[in-house]
Amino acid sequence: MKQQALKQKIYEIIFEADTFWGKTFDVTLIIAIASSILVVILETQPGLPQKYTLALTVLEYVFTFFFTAEYALRIYCSPRPRRYILSFFGIIDLLATLPLYLAFFFPGIRYVMVLRSFRLIRVFRVFKLFNFLNEGNLLLHSLRASFNKIFVFFLFVVVLVISIGTVMFIVESGHPESGFTDIFTSIYWATVTLTTVGYGDITPVTVLGRFLSTLVMLMGYTIIAVPTGIVSAAIIDNSRRSRRLCTNCGRHLDQKARYCKYCGHKVEPQPKEDKPESK
């Protein structure tokens with residue numbers, strides 16, 4: 001009985017954010033996560049004095065021990081340990097602890113600890129910012145709805161880049177000072193130019209080549225706006241479909257809400273869309 005009570009107490013502190021100690025633990029955890037990420041970033045700075053390097057290393061071991069103990073306690077007090085281990089947060093919690101141990105065999109892998117930044121998602125639970133997650137779901141649904149259109153557009157851009165690169169190779173390859181030595185290099189130039197990145201490592205030298213590059217640059221500004229327009233249209237469409245208003249106070253409601261979270265008024269269930277009759 002004592003062991004079960006201890007598990008329940010640890011569970012309330014680690015998994016619940018509504019209690020005082022639960023919220024305190026989560027805030028402490030978020031501070032530790034942010035601090036550990038800062039330590040990893042500072043360690044990569046060149047010319048750091050030896051005493052600071054040693055202090056950062058000690059801090060890194062302290063944070064790793066803390067996250068390891070936290071991960072073990074989550075498994076210990078979880079009613080379904082297997083479900084937690086295989087969950088999104090469970091995998092992220094594991095990845096937050098493994099790099100330092102694996103660094104004894106693979107030194108470069110220690111910097112994978114920046115994955116701890118994903119654990120900052122818990123800030124939504126601690127400070128009750130789940131309303132922002134609804135906006136994220138709207139964006140996610142809009143991206144899914146726009147996937148086919150964006151995929152077709154992406155294929156069009158790939159074909160366009162290959163075509164432009166091939167044409168530029170034909171135009172520029174005959175000049176002795178040209179950097180368009182092969183079609184792959186020309187396709188690379190077309191990609192950089194069409195996306196308006198413009199590294200400038202390869203530039204056309206002929207008059208015709210410069211004229212074509214001007215057209216590609218102007219075309220790039222037009223092409224970049226297309227995916228944004230596709231996703232924006234999907235967001236507007238999804239927003240209109242999911243919009244619900246409270247009949248009492250007129251404020252926006254969640255799609256599955258049964259009561260208004262602002263005034264407590266009971267909300268009528270959302271009518272289902274009529275399915276088209278099959279012929």
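What follows is a short chat about a predicted model of a single chain.

Visitor: What's the overall make-up, helices or strands?
Guide: The chain has 10 helices and 0 strands. Along the sequence the pattern reads α-α-α-α-α-α-α-α-α-α.

Visitor: How much of the chain is buried?
Guide: Buried residues account for 28% of the 279 residues. The chain exposes about 19300 Å², and carbon and sulfur atoms supply 67% of that area.

Visitor: And the contacts, what share join residues at least 24 apart?
Guide: That share is 55%, counted among contacts between residues at least 6 apart in sequence.

Visitor: Where is confidence highest, and where lowest?
Guide: Helix α9, residues 183-194, is highest at 91. Helix α6 is lowest, with a mean of 52.

Visitor: Let's go inside. Which residues have the most contacts in the largest nonpolar core?
Guide: They are Ile14, Phe15, Leu29, Ile33, Phe63 and Phe67. The core has 15 residues.

Visitor: Which helices supply it?
Guide: Helices α1 (2-15), α2 (20-43) and α3 (50-77) each supply at least two residues. The most come from α2, which gives 6.

Visitor: What other core is there?
Guide: Another core, of 13 residues, lies apart from the largest one. Its members include Phe153, Ala190, Val216 and Ile223. As a general point, nonpolar side chains in soluble globular proteins tend to be buried together.

Visitor: Switching to charges. How many salt bridges?
Guide: The count is 2. Glu70, Arg74 and Asp93 are linked in a network of salt bridges.

Visitor: Start with Arg74 and Glu70. How far apart are the closest N and O atoms?
Guide: They are 2.6 Å apart. Both residues sit in helix α3, 4 residues apart, about one turn of the helix.

Visitor: What about Arg74 and Asp93?
Guide: Their side chains meet in a salt bridge at 3.9 Å, N to O. This pair links distant parts of the chain, with Arg74 in helix α3 and Asp93 in helix α5, 19 residues apart.

Visitor: Is Arg74 buried or exposed?
Guide: Arg74 counts as buried, because its relative accessibility is 1% and the cut-off for buried is under 20%. Glu70 is buried too, at 3%. Asp93 is buried as well, at 1%. In general, side chains of opposite charge can pair when their charged atoms come close.

Visitor: Now the surface. Which residues make the nonpolar patch?
Guide: Tyr61, Ile91, Leu95, Leu98, Tyr101, Leu102, Phe104, Phe105 and Phe106 make it. The patch covers about 900 Å².

Visitor: Which helix gives the most to it?
Guide: Helix α5, residues 88-102, gives the most, with 5 residues.

Visitor: Where does Phe104 sit?
Guide: Phe104 is in the loop between α5 and α6 (123-126).

Visitor: And why does Phe104 count as exposed?
Guide: Its relative accessible area is 58%, and exposed means over 50%.

Visitor: Other loops, then. Where is Ser78?
Guide: Ser78 lies in the loop between α3 and α4 (81-85). At 11% relative accessibility, Ser78 counts as buried.

Visitor: What is Ser78 in contact with?
Guide: Beyond its neighbours within four places in sequence, Ser78 is in contact with Phe15 and Tyr84. Phe15 is also one of the residues with the most contacts inside the largest nonpolar core.

Visitor: Last one. What is phi for Thr196?
Guide: Phi of Thr196 is near 60°, a positive value in a residue other than glycine. Thr196 is in the loop between α9 and α10 (207-242).

Visitor: How accessible is Thr196?
Guide: Thr196 has 34% relative accessibility, so it counts as partly exposed.

How values were computed
Residues are numbered from 1 along each chain as its sequence is written. This is a predicted model: local features need pLDDT of at least 70, side-chain atom pairs count only at pLDDT 80 or more; totals for chains, interfaces and linings use all residues. Side-chain values use heavy atoms; hydrogens and water are left out. Patches are made of residues with over 30% relative accessible area and no salt bridge: like charges are joined within 9 Å, nonpolar side chains (Val, Leu, Ile, Met, Phe, Trp, Tyr) within 5 Å. Accessible areas come from the Shrake-Rupley method with a 1.4 Å probe; for residues, only the protein chains shown count as cover. A salt bridge is a side-chain nitrogen of Lys or Arg within 4 Å of a carboxyl oxygen of Asp or Glu. Buried means under 20% relative accessible area, exposed over 50%, partly exposed in between (1.4 Å probe, protein chains only). A nonpolar core is a set of buried Ala, Val, Leu, Ile, Met, Phe, Trp, Tyr and Cys residues joined through side-chain atoms within 4.5 Å. pLDDT is the predictor's confidence in each residue, from 0 to 100. Contact means heavy atoms within 4.5 Å.
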